[in-house]
Amino acid sequence: MGKPVMFQWAINHAIAEEMRRDPTVFIIGEDVGKPGGPFGVTRGLLDEFGPERAVDTPISEGTIVGMCAGAAAAGLRPVAEIMFMNFITLCVEELYNQASKMHWMFGAQVKLPMVVRAMTAGGYGAGPHHSSSLEGWFASMPGLKVVMPSTPVNAKGLMKAAIRDDNPVLYIEPLSSYKLKAEMPEGDFITPIGKCEIVKEGSDITIVTVGRMLQESLKAVDQLAKDGVKPELIDLLTVSPLDMDTIYTSVKKTHRLVIIHEAKETMGIGAEIAALVQEKAFDWLDAPVARVAAPFTHIAFQPKLEQHYMPDAGKLVAKVKTMLG
Amino acid sequence: MKISKDIKIDLFTRMVKVRTFEDDTNKIFMAGKEMPGFLHLSQGEDAMAAGTCANLEINDAIYTTHRGHGCIIAKGADLKPMMAELFGRIDGCCKGRAGSMHFADVKTGCMGSNGVVGEGMRLAVGTAFAQKYNKTNNVTAVFFGEGASGTGSFHESFNMAATLKLPVIFVCSINLYAQMTHKSVHIAIEDMAERAAGYGAPGVTFDGNDVEVVYEEVAKAVKHCRAGKGPYLVEGKTYRHYGHYIGDPCNYRPAGELEEWMKKDPVVLYEKKLLKEGVLDAKGVQQVKDECKRLVDEAVEYARKSPQPDIEELYVDIFA
């Protein structure tokens, strides 16, 4: 293993390595070039690759994504930054009506290898327009892959996999994890899209965590261990397409399932996983499938209200305890 | 600019091919049995498609609209898979999945029609970006109507293309109606070309029913774009003979308007001009029409013989 690398530099290194490997890869977005990104994720890429491959644009989110689709259809591999995930509402047209459909709709005449980066910023008091987790919307779009890294290692591996994928991939990165550090495997590696990771094996309950909720889940697992509870912790990593087989196998072992995600509970990923598990693994369940997720309201800037809104380790522990009776 | 006899015949042939395809498509659609979905026809705007595409090479790209058959035919797509696509058959250029409003023929540079008004512009900017990135010297033309000029896509795309100096020709066909709403209701200026100045790009307005004028003006735009000078707006004043969709009763049109514009039908005008100039004689004109009719008839026959897609087609190609 190499020296510890911060989450945000893991993303940076993944993009840089792919740009060195493949001349069709370029980055595009607001502030990605000279400023190096609003939080520094693309720092240094302009200097190394020049303005042709590190493209600063006007504030035109829809056109950034739309032009990525047009460039990808013509053979390039764009990596776009949309900054805060709320701004991706301005690109739903281009992601849904255009990018996600073009390969199928045109009878496989074109491929759409493109990555769109968006950042969730829950927990920062960033307020209603900067803090949302909208992955559920995009997971309902056939033709679009959605990944949510949770550690520096899988942040790098998923970015490299996303850039090499021949489909549009939405890459959702958590601002609150940017400073996490981890030792990075040496050499070239990817984290495969469409595969969960079993972070910790256990026998009493399956916890499926999405994105930055891994950090909360790890804390919860430690607390539960003190009470002798052994949860199996699965990091979803890819929100679409879902790796349900890993989840079914785990549920058949533990007989209980709880899903934790930062997005709202209503119409969320947890709802989809719960529905699939009750369809395919109902006979193995000893308790109703549960969710720990945000309530059906707006996220507040006000710290006390935001804290109440956010799922966390304490809420997960409480939920698990009620499920184990 | 002196237009050669060969180019004149080419312009006429492209227009007749477009018109014949559109007229026959209309008949088949109206018969109500073979062609599913919605249909938007472009008769009247034929000169914009032909005059623009005659300037383009096969590796140049176009994006067009929900009313895009004419552009795609003029760019050079094979009529057989096109017609099969409109019939929803497996031998369609998009395997019968896309239909009239959404189809593409990538090998001839037809990168897509679009069911969402204005959205082709954003995609066109991206393809032009790839052309510049790969130093191909190719250009991308994107067709739209004045209705699409009200979208955010128009502003963002033009500004993006101008800022990044991308080879995009914005081809605006003013057909007087945004769906069913007259231009005077939703645009505060007379000429769309004025807007180009706001992006630091050239813009020009002309008679979109005179195919030679369209050809000459777009030639300047193509030259500008190939020279790496950024985008260019061309605006042709034309008219949509049919309604927004086939079946539209057109009750929003003032009496006599269609009749006035039919006197300026670009195909009829150009036929008269070529006869008068002696570029073609009556027999030559008929030969062009017969050849186009033969191609369209063959395309219809091809479409009719092609099977419908199997249900499994719904589930393949979701991911590449």
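Predicted model: local features only at pLDDT ≥ 70, side-chain atom pairs only at ≥ 80, totals over all residues.
Residues are numbered from 1 along each chain as its sequence is written, and chains are lettered from A and ligands numbered from 1 in the order in which they are written.

Let's start with chain A. Its domain assignment, automatic or from a database, gives domain 1 (4–183) and domain 2 (197–324). Their C-alpha centres are 26 Å apart. Domain 1 of chain A puts 27 residues into the contact and domain 2 of chain A puts in 22 residues; contact here means C-beta atoms, placed from the backbone, within 7 Å.

On to chain B, where five strands form an open sheet in the order 1-2-3-7-6, with parallel pairing. Strands are DSSP runs of E, at least two residues, and helices are runs of H or I, at least four, numbered from the N terminus; two strands pair if DSSP finds at least two bridges between them. Strand 1 (61–63) and strand 6 (203–207) of chain B are the edges.

Which strand does strand 3 of chain B pair with over six bridges? That is strand 7 (residues 232–237) of chain B, and there I169(B) faces Y232(B).

Finally, helix 10 (residues 211–226) of chain B lies across strands 3, 6 and 7 of chain B, at about 170° to strand 7. Axes are lines fitted to C-alpha atoms, for helices over the stretch in contact, with angles from 0 to 180 degrees between N-to-C directions.

Key
Contact = placed C-beta atoms within 7 Å.
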